[in-house]
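Hi,

Here is the model I promised to pass on to you. Have a look at it first, and then read my notes below.

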Amino acid sequence: TIVIPDSAISYMMQAQALYKNQQPQKAITTLEKPHSRIENPPTRLLEQLAYLYLENDNPQKAVGVYEQAESFSNRNLNLLHGLSNAYINAGEHQKAIELLEQLITNEPENIIYGQSLATELYFLSKSKLNSVTTALKNGESLDDTSFDSVDSLLTKAEEQFNQISNANPGN
């Protein structure tokens, strides 16, 4: 494949061919070149590179590239969904929740967004509950607000799952 140095599309096509031929690292290297050389790389190139980072267990790099792409196009739901997945894999669950809520606002019928949001809410509540448990085991005294955030997250998660269940009774 011949790559035209100033043409993002030629890099994207080569990367796609490499990925389809089970060479994801070469596909990443191919897309990193225009990412560093082109002043404003196209959102599609950034999205493709971020996806490859995420698929190859590099969520931190994926987050950075998705965030760069989002700054150009925060209306692209596919891009926002990719960024939410990158946040989840990078352990940035609160940011993932915020994006998933935005995605649900735009597409309330999307069951994947709903399930992901409910799961993230449960995950974050478990994490906060573990922190409370550790504090209690260490003899720290806690006030009522320590449990309020956990209760709020669990309530939101339950409401989200109920909403999904009611909207999709056959699933």
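A word on terms before the notes: a residue is called buried under 20% relative accessible area, exposed over 50%, and partly exposed in between, with a 1.4 Å probe and protein chains only as cover. Helices are DSSP runs of H or I with at least four residues, numbered from the N terminus.

Please keep in mind that this is a predicted model, where local features need pLDDT of at least 70 and side-chain atom pairs count only at pLDDT 80 or more, while totals for chains, interfaces and linings use all residues. Residues are numbered from 1 along each chain as its sequence is written, and side-chain values use heavy atoms, with hydrogens and water left out.

Let me start with helix H2. It covers residues 24–37, and its 14 residues reach 20 Å from first C-alpha to last, close to the expected 20 Å (1.5 Å times one less than the number of residues). Ala 27, Ile 28, Thr 30, Leu 31 and Pro 34 are its buried residues. Down the axis of H2 they fall within an arc of 160°, so they line one face of the helix; the arc is taken from the directions between the helix axis and the C-beta atoms. On the face of H2 turned away from the buried side sit the exposed residues Lys 26, Ser 36 and Arg 37. The cover over the buried residues of H2 includes helix H1 (8–20) and helix H3 (43–55), where contact means heavy atoms within 4.5 Å.

The buried residues of H6 include His 93, Ala 96 and Ile 97. Glu 109 counts as exposed because its relative accessibility is 61%. Between the C-alpha atoms of Glu 109 and Ala 27, which are 82 residues apart along the chain, the separation is 34 Å.

Finally, two residues in helix H7. Which residues does Ser 125 touch, not counting those up to four places away in sequence? They are Val 150, Leu 153 and Leu 154. Ser 125 lies in H7 and counts as buried because its relative accessibility is 3%. Leu 129 also lies in H7, which spans residues 111–137, but counts as partly exposed because its relative accessibility is 36%.
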